[in-house]
Amino acid sequence: MGLYHMLGLSTRAGGPGLPGGARRHSPVAGELGQYEYLALRKKTTKLKFRLLLLVLAAGTAAAVLGFSFSFRPAPVVQPLAFDHKRHGAEDIACKDCHKRVEDSPYATFPKLKQCLLCHLEAKGNHPDEPKIRDYAKEKKEIPWIQVNRLPGHVYFSHAAHVKYARMDCKECHGDMKERTEPVTVSQIQHLDMNTCMDCHKEKGVSTDCLRCHK
Ligand code: HEC
Ligand code: HEC
Ligand code: HEC
Ligand code: HEC
Ligand code: HEC
């Protein structure tokens, strides 16, 4: 994955800085007619994707030659022992904490102020619980690490699948309601390209390469 980023091939729209998956507009748009601009944009996107194929071919060749590209990340250590099961029992919905899951590509992580709604005062006697207020004192957010991540050249949208396709979080993430430990390894390995494609074919959704690859 680092390889795509090094080569500047991470062209996915959206991200924390661009809520709702807004696309950046290129300054040349103003100088060209709309159709010329669109044609140009299409060309450069195709070029980027061809470049990607080339890089992948090179990667395979390198692997054959005995270089090792490690694509499997090690388990991460999350800053706090967050327990989904315990918090589910508090009657909080997934989207109370993962606020953008129905209206943007990203589900997002909860802000500290969300935790402080209940943890402004001590709750229980778990050693990690007071750390919530330590972050508040230091005016820092809790640095959660995003574990589930597709390669940078793939575009994915939570809103499309959760809201419009009405999929349950469970279908992709397993049963989070029963989970007592933080997520430390990816839950989405089963979502390879064929799985995405099979369902798109079945539901009559576009399988155009550039729908998922930007
Ligand atoms: C609706 C109230 C509520 C919200 C919001 C909430 N918590 Fe909790 N939290 C609780 C309760 C209740 C407990 C259990 C206390 C006990 O042990 O009796 C708890 C326990 C914990 C514990 C101790 C671990 C454990 O298993 O007991 C941690 C750590 C924690 N919460 C972190 C967080 C974080 C981080 C957030 C924000 C993302 C958060 N909580 C949001 C109510 C809440
Ligand atoms: C169709 C499969 C699918 C479904 C359904 C799904 N997710 Fe995800 N989720 C993913 C994928 C794929 C990623 C990694 C996305 C990326 O690389 O940007 C991810 C990443 C995440 C992340 C971390 C990154 C982020 O987007 O902030 C959270 C949190 C998350 N999902 C929560 C949820 C919740 C909550 C639901 C249900 C309301 C849900 N997901 C439903 C596939 C899914
Ligand atoms: C009280 C807030 C809270 C609620 C409610 C909550 N989550 Fe989370 N969620 C978190 C926090 C904090 C993390 C990061 C720590 C962890 O992995 O447990 C997280 C992590 C995740 C991740 C892993 C994201 C990644 O890729 O790193 C998924 C998936 C997820 N939650 C899904 C769900 C689903 C599905 C529900 C509803 C059943 C739900 N969450 C309810 C706070 C919450
Ligand atoms: C179980 C079925 C299913 C799976 C699995 C699935 N999708 Fe989808 N996807 C859908 C449906 C249905 C829609 C159309 C939603 C709508 O009506 O907009 C969709 C829409 C999309 C869109 C269009 C969103 C937009 O805003 O234009 C993209 C991109 C996408 N999916 C990517 C993926 C990727 C990448 C994967 C695999 C990681 C994946 N999908 C897996 C069912 C699925
Ligand atoms: C529905 C979404 C979707 C569509 C449509 C799609 N892809 Fe993919 N593609 C993916 C996902 C997701 C991955 C990442 C798989 C992984 O990480 O395991 C991927 C990975 C790839 C890779 C990297 C090699 C690999 O297997 O990991 C290539 C090359 C590729 N796609 C080519 C294409 C081409 C060519 C088309 C058009 C025929 C296409 N894709 C259409 C979702 C899609």
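I take helices (H or I, at least four residues) and strands (E, at least two) as DSSP runs, numbered from the N terminus. Residues count from 1 along each chain as its sequence is written, while chains are lettered from A and ligands numbered from 1 in the order in which they are written. The model is predicted, with local features requiring pLDDT of at least 70 and side-chain atom pairs pLDDT 80 or more, whereas totals for chains, interfaces and linings use all residues.

**Ligand 4.** I looked up the shell, counting a residue as near if its C-beta atom, placed from the backbone, lies within 6 Å of the molecule. I found 18 residues around ligand 4, the closest being Ala160, Tyr164, Ala165, Cys196 and Cys199. Two or more residues come from each of α7 (158-164), α9 and α10. I note that α9 gives the largest share, 4 residues.

**Ligand 5.** I found 15 residues around ligand 5, and the closest are Asp192, Met193, Cys196, Cys209 and Cys212. At least two residues each are supplied by α2 (34-64), α9 (193-202) and α10 (209-212). Here too I record α9 as the source of the largest share, 4 residues.

**Helix α9.** I then asked how many of the 10 residues of α9 are buried. I call a residue buried if 20 or more other C-beta atoms, placed from the backbone, lie within 10 Å of its own, exposed if 12 or fewer, and partly exposed in between. The number buried is 0, so α9 lies largely in the open. Just after α9, I noted that Gly204 has a positive phi of about 70 degrees.
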